[in-house]
Amino acid sequence: MNIRPARVGDVPAIYELIRKFADRKVMIRRSLGELYESIREFLVAIDEEGRVVGCVALHVFWEDLAELKCLAVAEEAQRSGVGRKLVDACWDQARELEINSVFALTYAVGFFERCGYAQMDKADLPHKIWNECVRCPLFPNCTEVALIRSHAPVSGSLEAVDLLALAPV
């Protein structure tokens, strides 16, 4: 298994991975155009046959805050550590960029907790992160959970990380 930055040629496979989860209403659908425009945010997992079996994106919001999004792993590659490797690669990428906090909105709460993320109140996230949410078929009745991983200690009320101070509205 190889994790590497996505290439333009990977976009059709990334699109299909995301589409399958979007059809189940557990992920926001992305157009091919969106994926090409944001290709530099994506990492992919490549199997032994050279196929894209997973993807994830790290979207920078502000000087000290990024979102891990679009995490998708092909069904045949699930439960083999691919998702964890992608999440860890995003965390490494955030650290290289000197970003101390990475959040995710997800239904896979236990998975992210095992990856070092802690639950937080969605209301503590900057308002600009909701721009994509309005496209979701579940908006505004979304039950996704917000989780965050930070170099600073994180409490349930986020006393140590004031996200509202990190990013302008």
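At 43% relative accessibility, R24 counts as partly exposed. Buried means under 20% relative accessible area, exposed over 50%, and partly exposed in between, with a 1.4 Å probe and protein chains only. The model is predicted: local features need pLDDT of at least 70, side-chain atom pairs count only at pLDDT 80 or more, and totals for chains, interfaces and linings use all residues. Residues are numbered from 1 along each chain as its sequence is written, and side-chain values use heavy atoms, with hydrogens and water left out.

**Salt bridges**

A salt bridge is a side-chain nitrogen of Lys or Arg within 4 Å of a carboxyl oxygen of Asp or Glu. By this rule the structure has eight salt bridges. R24 takes part in one of them, with E75. This pair links distant parts of the chain, 51 residues apart. E75 lies in the loop between β4 and α3, R24 in the loop between α1 (11–23) and α2 (32–37). Helices (H or I, at least four residues) and strands (E, at least two) are DSSP runs, numbered from the N terminus. E75 is exposed, at 52% relative accessible area.

| Pair | N to O distance |
|---|---|
| E75 and R24 | 2.2 Å |
| R51 and D47 | 2.6 Å |
| R84 and D88 | 3.2 Å |

R51 is partly exposed at 44%, whereas D47 is buried at 10%. R84 and D88 are four residues apart in helix α3, so about one helical turn separates them. R84 is partly exposed at 34%. D88 is partly exposed too, at 25%. Salt bridges with shared partners also join E16, R19, D23 and R29 into one network.

**Helix α3**

Helix α3 (residues 82–96) belongs to a right-handed β-α-β unit with β4 and β5. Right-handed means that, with the strands pointing away from the viewer, the path from the first strand over the helix to the second runs clockwise. Buried residues of α3 include L86, V87, C90 and W91. After α3 comes E98, with a positive phi near 65°.

**Strand β5**

Six of the six residues of β5 (residues 101–106) are buried, so the strand is largely enclosed by the rest of the structure. S101, F103 and L105 point one way; V102, A104 and T106 point the other. In a regular strand the side chains alternate between the two faces of the sheet.

Two strands pair if DSSP finds at least two bridges between them. β5 pairs with β4 (residues 65–73) in the parallel sense, over three bridges. With β7 (residues 145–150), β5 pairs in the antiparallel sense, over six bridges. V102 of β5 stands opposite A66. In β7, the bridge partner of V102 is R149.
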